[in-house]
Amino acid sequence: MFYGNFGDGRDAKFREAVALMKDVFGRVHSADNLMAFGRSAGFMQDQKFIDAMNGHARTAQERSLAWRLHTLTWAAEQALHKEGDFVECGVWTGFSFGVITKYLDWPSVSKSLYLYDTFEGIPPDYNSENRSNSVYEQQNAEDPDAIYKLAQARFVGMPNVQLVRGTVPETLSSVCPEKIALLHIDMNSAASEIAALEVLWERVVPGGLIVFDDYGWAMYAAQKEAEDAFMAALGHTIMELPTGQGLLIKH
């Protein structure tokens with residue numbers, strides 16, 4: 001698997017390099033800024049996973065996220081055995097949990113999924129790294145509800161899924177599960193993610209899992225620093241994964 005968009009002729013050279021490495025290592029996984037040599041990547045032979053991913057992926061970029069999605073799907077499977085519901089803060093178009101709900105046959109699961117987002121970008125009061133919201137503005141240019149509608153469409157026929165529109169953490173005061181088995185945080189802002197953790201941490205059950213989408217990416221270093229400090233004060237540490245994610249199991 002390869003996803004490249006260098007735009008200056010380097011894609012072809014990179015493909016040649018990957019082909020050479022396949023000759024040396026046999027197996028090469030190259031996608032989502034992750035290169036792995038000689039790994040089984042067994043999830044890519046899991047037809048249930050492939051069907052779930054392809055059922056929602058619309059672009060090469062989305063398909064390139066397979067290893068990240070596998071991590072999140074694994075965490076979701078473990079969390080099925082814990083008391084509490086599933087929560088995602090930072091939804092975008094609902095792609096990640098679209099894949100998970102399809103993989104888990106969510107209508108048959110006796111849990112609820114809560115999806116929180118403004119669907120308009122990072123609010124100014126929480127945009128601690130001053131990140132651009134241009135991708136939201138472009139998507140919502142003709143219809144201010146465009147992103148929200150895309151997310152809604154992924155969960156049609158699933159009464160145990162709630163999309164909660166508005167700013168986190170404010171929306172958490174009105175709609176929030178008492179117990180959380182899985183928390184996925186993908187808000188692209190240290191201030192937003194810490195604000196969410198301050199409300200949600202006590203609701204995560206012992207043995208519950210938290211997956212931080214951007215934790216290991218250099219461009220999101222402010223999030224890692226803030227989350228490390230937050231968890232250290234609670235006697236916990238986050239494990240950085242090669243996918244760029246962070247994983248924590250609450251004790």
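Which residue forms a salt bridge with Asp213, and how far apart are the closest N and O atoms? The tour below leads to the answer.

The structure is a predicted model, in which local features need pLDDT of at least 70, side-chain atom pairs count only at pLDDT 80 or more, and totals for chains, interfaces and linings use all residues. Residues are numbered from 1 along each chain as its sequence is written, and side-chain values use heavy atoms, with hydrogens and water left out.

**The sheet**

Begin with the strands; helices (H or I, at least four residues) and strands (E, at least two) are DSSP runs, numbered from the N terminus. Seven strands form an open sheet with mixed pairing, in the order 5-4-3-6-7-9-8. Strand 5 (161-165) and strand 8 (239-240) stand at the edges with a single partner strand each, so one side of each has no neighbour in the sheet. Two strands pair if DSSP finds at least two bridges between them. Select strand 4 (residues 113-117): strand 4 pairs with strand 5 in the parallel sense over five bridges. Within this pair, Leu115 has Leu163 as its bridge partner.

Next, select helix 4 (residues 66-79), which packs on the sheet and touches strand 3 (85-89), strand 6 (180-185), strand 7 (204-212) and strand 9 (246-249). Contact here means heavy atoms within 4.5 Å.

**The hairpin**

Move to strand 1 (residues 28-31), from which Val28 and Ser30 point one way and His29 and Ala31 the other way. Strand 1 pairs with strand 2 (residues 34-37) in the antiparallel sense over four bridges. Two residues lie between the strands of this hairpin, where Asp32 takes a positive phi near 55°.

A salt bridge is a side-chain nitrogen of Lys or Arg within 4 Å of a carboxyl oxygen of Asp or Glu. Select Asp32 and Arg68, which form a salt bridge with the closest N and O atoms 2.7 Å apart. Asp32 lies in the loop between strand 1 and strand 2, and Arg68 in helix 4, 36 residues apart.

Asp213 forms a salt bridge with Arg68, and the closest N and O atoms are 3.1 Å apart. Asp213 lies in the loop between strand 7 and helix 9 (221-232), 145 residues from Arg68. Asp213 is buried, at 8% relative accessibility; buried means under 20% relative accessible area, exposed over 50%, and partly exposed in between (1.4 Å probe, protein chains only).

Note on methods
Axes fitted to C-alpha atoms, helices over the stretch in contact; angles between N-to-C directions.
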